Amino acid sequence: MSALHIKKGSSSHSAYNLRPTFSDVAERHTIALLVENEPGVLARVIGLFSGRGYNIESLTVAEVDHTGHLSRITIVTTGTPQVIEQIKAQLGRIVSVRDVHDLTVEGRSVERELAMLKVVGSGDKRVEALRLADIFRANVVDSTLNSFVFEITGAPDKIDAFADLMRPLGLAEIARTGVAALLRGD
């Protein structure tokens with residue numbers, strides 16, 4: 001019987017995936033949890049991340065079903081595919097967690113964030129700040145003779161770009177809500 005000459009990584013000659021399934025490239029993932037709204041749930045979820053040294057880039061929590069006492073936690077984190085799978089598996093084992101969804105993997109999703117930025121300046125810098133706010137569709141929610149507070153909603157990249165443009169114009173403070181995300185379609 002002759003030996004098969006199959007190159008490593010080739011799948012055209014085999015029914016098995018011979019490519020390595022591990023990766024050391026960190027990926028950004030948005031994970032949505034549906035949890036029972038009871039004391040200590042958030043602490044257990046956050047404890048899972050901190051106990052294993054995983055970073056949370058964004059975290060939002062709100063009650064979404066008052067009668068069923070359910071809350072939604074949206075977490076943005078980074079890690080290798082193995083780390084992300086481990087995070088999802090460990091989150092699923094927490095008793096109060098009803099559902100775990102990796103929105104990055106499950107399909108296209110819509111991500112939005114709200115931010116407020118205080119810009120302090122006068123003269124031309126004030127005019128330029130107002131012009132840029134109009135381009136980014138940011139609203140002025142407070143105005144004094146020396147400062148503006150802008151409210152902007154959108155994807156995190158949009159907010160980052162707006163903040164970068166406001167820095168030379170006198171960005172003094174910024175407050176961000178964190179990412180809220182939903183899958184698109186059905």
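This is a predicted model: local features need pLDDT of at least 70, side-chain atom pairs count only at pLDDT 80 or more; totals for chains, interfaces and linings use all residues.

Visitor: Which residue forms a salt bridge with Asp160?
Guide: Arg176 does, with the closest N and O atoms 2.7 Å apart. A salt bridge here is a side-chain nitrogen of Lys or Arg within 4 Å of a carboxyl oxygen of Asp or Glu. Arg176 lies in strand S8 (residues 171-176) and Asp160 in helix H5, so the pair ties together parts that are 16 residues apart in sequence. Helices (H or I, at least four residues) and strands (E, at least two) are DSSP runs, numbered from the N terminus.

Visitor: How many salt bridges are there by that rule?
Guide: The count comes to eleven. One of them joins the side chains of Glu57 and Arg28, at 4.0 Å, N to O. Glu57 is in strand S2 and Arg28 in strand S1, so this pair links parts 29 residues apart in sequence. Glu57, at 46% relative accessibility, counts as partly exposed, and Arg28 does too, at 38%.

Visitor: And what about Glu111, buried or exposed?
Guide: Glu111 counts as buried, at 15% relative accessibility. The residue is found in strand S5 (residues 109-120).

Visitor: Which side chains does Glu111 make polar contacts with?
Guide: The side chain of Glu111 makes one with the side chain of Arg28 at 3.3 Å and one with that of Thr30 at 2.5 Å. A polar contact is a pair of N or O atoms within 3.5 Å; within protein, one must be able to donate a hydrogen and the other to accept it, and residues adjacent in sequence count only if both atoms are side-chain atoms.

Visitor: Switching to helix H1. Which residues there are buried?
Guide: In H1 (residues 41-52), Val41, Val45, Leu48 and Phe49 are buried. They cover an arc of only 90° around the axis, which puts them on the same side of H1. The arc is that of the directions from the helix axis to the C-beta atoms.

Visitor: Why would residues three or four places apart point the same way?
Guide: An α-helix has 3.6 residues a turn, so residues at that spacing point the same way.

Visitor: What is on the face turned away from the buried side of H1?
Guide: That face of H1 carries the exposed residues Ala43, Ser50 and Gly51. After H1 comes Gly53, whose phi is positive, near 80°.

Visitor: Last topic, the largest nonpolar core. Which members touch the most others?
Guide: Of its 16 residues, Phe150, Ile152, Phe162 and Met166 touch the most other members. The largest share of this core, four residues, comes from H5. A nonpolar core is a set of buried Ala, Val, Leu, Ile, Met, Phe, Trp, Tyr and Cys residues joined through side-chain atoms within 4.5 Å.

Visitor: What does Phe162 touch?
Guide: Not counting residues up to four places away in sequence, Phe162 touches Leu117, Leu132, Ala133, Phe136, Ala138, Phe150 and Ile152. Contact means heavy atoms within 4.5 Å.

Notes: Residues are numbered from 1 along each chain as its sequence is written. Side-chain values use heavy atoms; hydrogens and water are left out. Buried means under 20% relative accessible area, exposed over 50%, partly exposed in between (1.4 Å probe, protein chains only). The expected span of a helix is 1.5 Å times one less than its number of residues.
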